[in-house]
Amino acid sequence: MPTRSGLDYFFDGVHLAFSPGIRRFTLLPLMINVLLIGTALYYLFTHLNDWITQWLDALPSFLSWLYYLLWPLLTITILGTFSYFFSTLANFIASPFHGLLAEKVEQKITGKIESDLSLFSVLKDTPRILLREGQKLFYVIPRALGLFLLLLIPGLGQTLGPIVWFLFTAWILAIQYCDYSFDNHKVDFKVMRNQLKQKPGKTYGFGMIVALLTTIPVVNLFIMPIAVCGATAMWVGEFKYSHTNHSASASKTMSAK
């Protein structure tokens, strides 16, 4: 089988999200995303120009020649930050339904039913799912604050800051969307992060395309369910088999003891 990239898995998600048997599970997450992201983007585009102008005015005079070069970088940074914040909020609200969507996508890909979540069981499991989302937030917040302080440093913040922030956003979005399948199989959050780190090319490749598309108006309204489906395809293609083998080996070892 040819090696697949994070971009390949993202386009798998595009196909899967609107395929027969899956479409109905994308509807509610899609509605939540449209409501929150649509409102956020309206506010953003009425203030974006003023924010960028104020930020670039903080440049030292000897770096004024970077003004037009930095404008697109700062635009992407602000769009990405804004989109990530409201995507995180939407993901938090829709997380129980994302887990259900990830399960149905995995069943479609593998042709196997390993569990059969119902809407009732998903709602019953909501407190645990939200606790998992809280783990993600506690992981992200201190790192995001550190990067935000970097963005405030004149010169360095306007040049290096957007690049570092984009890479950080790609990593966090990969964690966000890959975690639903890992969590469905009760894989610990730290173990999940370590497994993603073992395949940085695929992880960052997937996260980067998601990060870029969340900055594009209208397109970003559909990204959330597509990213869940694509991340689930990556779970099946890259992580599920090795994790299943590891779990089976561990069970045999325990039985032998």
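Visitor: How many residues does the largest nonpolar core have?
Guide: This is a predicted model, in which local features need pLDDT of at least 70 and side-chain atom pairs count only at pLDDT 80 or more, while totals for chains, interfaces and linings use all residues. Residues are numbered from 1 along each chain as its sequence is written, and side-chain values use heavy atoms, with hydrogens and water left out. A nonpolar core is a set of buried Ala, Val, Leu, Ile, Met, Phe, Trp, Tyr and Cys residues joined through side-chain atoms within 4.5 Å, where buried means under 20% relative accessible area, exposed over 50% and partly exposed in between (1.4 Å probe, protein chains only). Phe10, Ile175, Tyr177, Phe182, Leu196, Phe206 and Val210 have the most contacts inside the largest core, whose size in residues is 51.

Visitor: Which element gives the largest share of this core?
Guide: The helices (DSSP runs of H or I, at least four residues, numbered from the N terminus) that give two or more residues to this core include α1 (6-17), α2 (23-45), α4 (67-110), α9 (200-213) and α10 (223-256). The largest share amounts to 12 residues, and the element that provides it is α10.

Visitor: Which kind of aromatic pair do tyrosine 139 and phenylalanine 189 form?
Guide: Rings of Phe, Tyr and Trp (its six-membered ring) pair if their centres lie within 6.5 Å, and planes under 30 degrees apart count as stacked, over 60 as edge-to-face and the rest as tilted. A search of the whole structure finds 7 aromatic pairs. In this one the distance is 6.0 Å centre to centre, with 80 degrees between the planes, so by that rule the pair is edge-to-face.

Visitor: How many residues apart in sequence are the parts that this pair ties together?
Guide: Tyrosine 139 is buried at 12% relative accessibility, and phenylalanine 189 is likewise buried, at 4%. Because tyrosine 139 lies in helix α6 (residues 126-151) and phenylalanine 189 in helix α8 (residues 189-197), the separation in residues is 50.

Visitor: Which kind of pair do tryptophan 165 and phenylalanine 168 form?
Guide: Both residues lie in helix α7 (residues 156-184), where being 3 residues apart separates them by about one helical turn. Tryptophan 165 is buried with a relative accessible area of 8%, and phenylalanine 168 is buried with 12%. Their ring centres are 5.7 Å apart and their planes stand at 50 degrees, so the pair is tilted.
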